[in-house]
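Student: I have a model open and would like to learn how to read it. Could you take me through its features in turn?

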Amino acid sequence: MGSTVPGGYAGKILRVDLSTERIWTEELTPEVCRTYVGGAGLGAKILWEEVPPEVGWDHPDNRLIMATGPFAGLPIWGTGGLTVVTRGAMTNGATNTQANGFFGANLKHSGYDAIVIQGRASRWVYLYIYDDTVELRDATPLLGKDTWETQQALEQLLHLSGHQLSVYSSGVAGENQVRFAAIAGDYGHVASKNGCGAVMGNKRLKAVAIVRGTKGLRVADPRGLMLAAEEIADDLKYDPSTRSLYEYGTLPGVMNLLRLGALPIKNYTTNVAPPGVDLDKWTAPGLRNGFPHRGYQCNACGMHHCHTQVLPAGPHQGELVDEPEYEGWSAGWAMGCTDPVAVAWLNTQIDRACVDVNEFGWLAGWVMECQEKGYITKEQLGGLELRWGDVEAANRLLQMIIRREGFGDLLAEGVKRAAERLGGPAAECAIYTLVGNTPRGHDHRARWEELLDTCTGSSGTLDSGPPVRHTEWGLPARFSTFDPEAVARVVGVTRGRRHFEDSLGACIFTTRTYMATLCRALNAVTGWDFTKEEAMRCGRRTAALLRAFNVRCGITPDLERPSKRYGSVPVDGPAKGQDISKHWEHMLDVWYETVGYDRRTGKPLPATLRELGLEHLIPALWGSEEAAHARR
Amino acid sequence: MPDAEPRTPVTGEVEIEAVAWISRFVGGDGSSRKVFREPWQPGDTVRSVLQRFSARYPELHRALWDASGNNLGEHIEVLVNDAVLGIHHTLDSPVQAGDRLSLIGQYMGG
C-alpha cells in the first residue's frame, strides 16, 4: 500500500502495455487523489494527458482506463464499481461509463486504484490480477464465448466462484469491434456506453479477471465512516423517492414514464400503450413478483435492486436471466414488445452478446419500423422478418450484428452511421444525436432536460441524468420539463454532480443522497475536509476536462443536436404537441452561459478553467485566441 | 390515457389517481393504482384540490409538497387529464368537476 495516499486509496495505478506485454505500477500522489478523487475524474485526467487528437478510438495508443475510487471495497452500499474512461467508438470522443458488481472491490483489495491499458496485443489475451501477480494470459480458448460463458470458463479454470472472482469482458461483439460493444461482467453489470467494448476488442483484450485480493484498506475515521454509511442507507430507505429505488431498483420507471409520455414506444411513433396490455404486470411489484427471483447484490449493498430471475413461461421457460434494469424493459417497448417475460429473456441475450442495450433497442425498433414501411426489405436482412414485438427475430438480428454478418455489418456501426448510409426516408426514422450516440431508454421529447443533457454531454451519453437533490443548489424543487429556460438552467447548474459520484467508486443509485452526506463519508474515509461546493467543483473539473478533450478531437457545438426523429413532436400521449425544436437555440444559449463554456467553439472559457484549477489547459485549448476572447 | 379504466361520469367530484408506487402513500401496495373522488368546490384549483386531499394522508402530504406546503416538492409528478402539469394547467389553474389529477412517482432510473 502506498503510505502517503489518504485513506480509501490503494495508492497504485496498474499500467499494462499490450503491444510490449510490459506491466508496471505507478504511485498515486495525494495531490492527484484530492484534485480528481478517482473513477471518472482520474480517468479524465489520464485521457487528456495521454490521448492526443490524432489517436482515434481504434489506435493502439488509445487508453482503456478502468478506475475505481476511494469508496470501492468499503462498507458503503454498492461499492464494487468501476468506471471506464476511454476515447469511444460511437462519438470518437470521451467516454465515461459505469458498471458495478465486485470488480472495483476486488481490484482495490489487490492493491490498485485503477488499470490503464494501452497498446494492442499481437494475440488474444486476458488480463489476470491477483495481488502482485499480474499476467497477460492466452485467451484463445475464450474466443467466441459470450460474457457469461467467459466468466464461467475462467471460474472453472481458476477454481474460483462468486465474489472471489470478477470477470469483465466484451463478448463476441467486442471481438468483432461492433461499434456499440460494451464491457460487461459479474453476470449482468454493464459499462455500456460509447463503444468501450469495441476499444477493448480492438486491443485484442478478451477479458480482465480479478481475484479478490488480500490487501486491507485503511480509512481515516472508521467510526465516522460507519455513521456516514448508515446515514446514506437511511436516506435511501426513507426518502419518498429513493425508497422506491431501495425496494425495487429502477423497476418503477416503466409505469412512471409511461404515464408521463416518456416511455419510448415503437421507435417514438406513439406514446400510448396498445390496447389490451395488462399494465399491472409492468408496475414494480408486477415485474418483480411476476418471476421467481432472488437478490443478487453488489459489493456491500443492502438495496433490493439487482436480482436474478427465472423465466416462468414461454419458449425459454426455466432459463436464468438477469432482472432487467429500466433501460432493458424500455428497450423492449421501443421494439413494440409488451410481454415482460419476452423482454427479460432478450435483455440477457443483449448483455451476453455485450452491446449497449439502448443502442440495440433503437436499432431494432428502427429496423422494425423501416421494414413495416418498406424502407428496409426482407431481402436486405437476409430473409429475416422483423415485426414489432418479435424478440426472437430481434435476437437473430442481434446475432447477425455481433458477428457482422450480412446487413448486420452495417447495423454494427450503430444507428447514426447505418441511417446515414441508407439515407432517404429510413434515415428520417432514426433516433440519435449528431455527435453519434443515442439516448437512454426514454422518450426525451417528454423529458427535455435529458434531451439537452444527451446532446451536450461529453461522455458519449448524458452527463448529468435526472436531477438529484437539486434543491441543495438553490434550484426549485419542481420545474416544468417543457420550460426551456428552467430546464437549461437546471441541467447547467447540476452539471458536475454525476461526475463527482462517478469518481467515488460507488454505484450511482446508492449515491442518490445529499452531496453534503457524500462528503461526510468521503471525509471519514480520507481525512479530508471536502464541502459540497468543493465536491461540485471537482465534478465540474472532470466535466470540463472531458469537454476539452472532445473539443480537441473536433467535436464541435454544431453537432449538439438531435436527429429529426429524436427531436420531433409527440403525436399523442401526455406530451402531445410539445416541440423542443423551436426552443433549442435558446436552451443552448442558457446552458452555455450557465456552465461557463464558449457558445461558438464549445470550449470551457478561460475563466471557467481557472476557477476549476485547469489553467494548464488554456494554452492548448485557447492559445492566442485567449486574448482575442477576452476582448470580445 | 394509457392505463385508464373507462371513465365514469363524475358529478361534483374531481378524480384523484395515485399511480403505482404513489399508491403506497395512500394505503396501497405500490402495484396498480388507487382512485379517489374528491368533492369539487367552486373556485377549486389544482393546488386547492390536492392540498385538501393530501391533508388526509400525511405520508403523501410530505412527499407531494415542499417545506412551505404550498408548492410541489421534488418527489411526485402531477398530470391533469393525462397531460403533464405545465402544458395546459399550472397549480393555480381552475379545475372542473370530472377532471382527473394523477400522481406519479419521480423517475429514479439511470
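Tutor: This model is predicted. Start with a sheet in chain A. Strands of a sheet pair through backbone hydrogen bonds, either parallel or antiparallel.

Student: In what order do the six strands of the open sheet in chain A run?

Tutor: Read β8-β7-β12-β9-β10-β11 in chain A. The pairing in this open sheet is mixed.

Student: Which are the edge strands in chain A?

Tutor: Look for strands that pair on one side only. Here they are β8 (133–138) and β11 (189–191) of chain A. From one strand to the next, the twist averages 20°.

Student: In which sense do β9 and β10 of chain A pair?

Tutor: Antiparallel, over two bridges. The strands cover residues 165–169 for β9 and 183–185 for β10 of chain A.

Student: Which strands does helix α4 of chain A lie across?

Tutor: Helix α4 (residues 147–158) lies across β9, β10 and β12 (205–211) of chain A. Its direction is about 140° to β9(A).

Student: Now helix pairs. At what angle do α18 and α19 of chain A cross?

Tutor: Read a helix pair by distance, angle and hand. The axes of α18 (residues 448–456) and α19 (residues 484–493) of chain A come within 9 Å and cross at roughly 50°. That angle makes α18(A) oblique to α19(A). The crossing is right-handed.

Student: Which residues make the contact between α18(A) and α19(A)?

Tutor: From α18(A), they are W448(A), E449(A), L452(A) and D453(A). From α19(A), they are V487(A), A488(A), V490(A) and V491(A). By class, this contact has six nonpolar, no polar and two charged residues.

Student: Let me step back to domains. Into which domains is chain A divided?

Tutor: Chain A has domain 1 (12–211), domain 2 (250–428) and domain 3 (444–631). For a domain pair, check the separation of centres, then the contacts. The C-alpha centres of domain 2 and domain 3 of chain A are 29 Å apart. In contact are 13 residues of domain 2 and 13 residues of domain 3 of chain A. The domain 2 side divides into seven nonpolar, four polar and two charged residues.

Student: Last, the chain interface. How many residues of chain B are in contact with chain A?

Tutor: 32 residues of chain B, against 41 residues of chain A. On the chain B side, α2 (58–64), β3 (76–80), β4 (83–84) and β5 (100–105) each supply at least two residues. β5(B) gives the most, with three residues. By class, that side has 13 nonpolar, twelve polar and seven charged residues.

Terms used
Residues numbered from 1 in each chain as written. Chains lettered and ligands numbered in written order. Predicted model: local features only at pLDDT ≥ 70, side-chain atom pairs only at ≥ 80, totals over all residues. Domains from an automatic or database assignment. Contact = placed C-beta atoms within 7 Å. Nonpolar A, V, L, I, M, F, W, Y, C, P; charged D, E, K, R; others polar. Helix = DSSP H or I, 4+ residues; strand = E, 2+ residues; numbered from the N terminus. Axes fitted to C-alpha atoms, helices over the stretch in contact; angles between N-to-C directions. Parallel < 35°, antiparallel > 145°, perpendicular 65-115°, else oblique. Left-handed = near helix turned anticlockwise from the far one by under 90°. Pairing = 2+ DSSP bridges.
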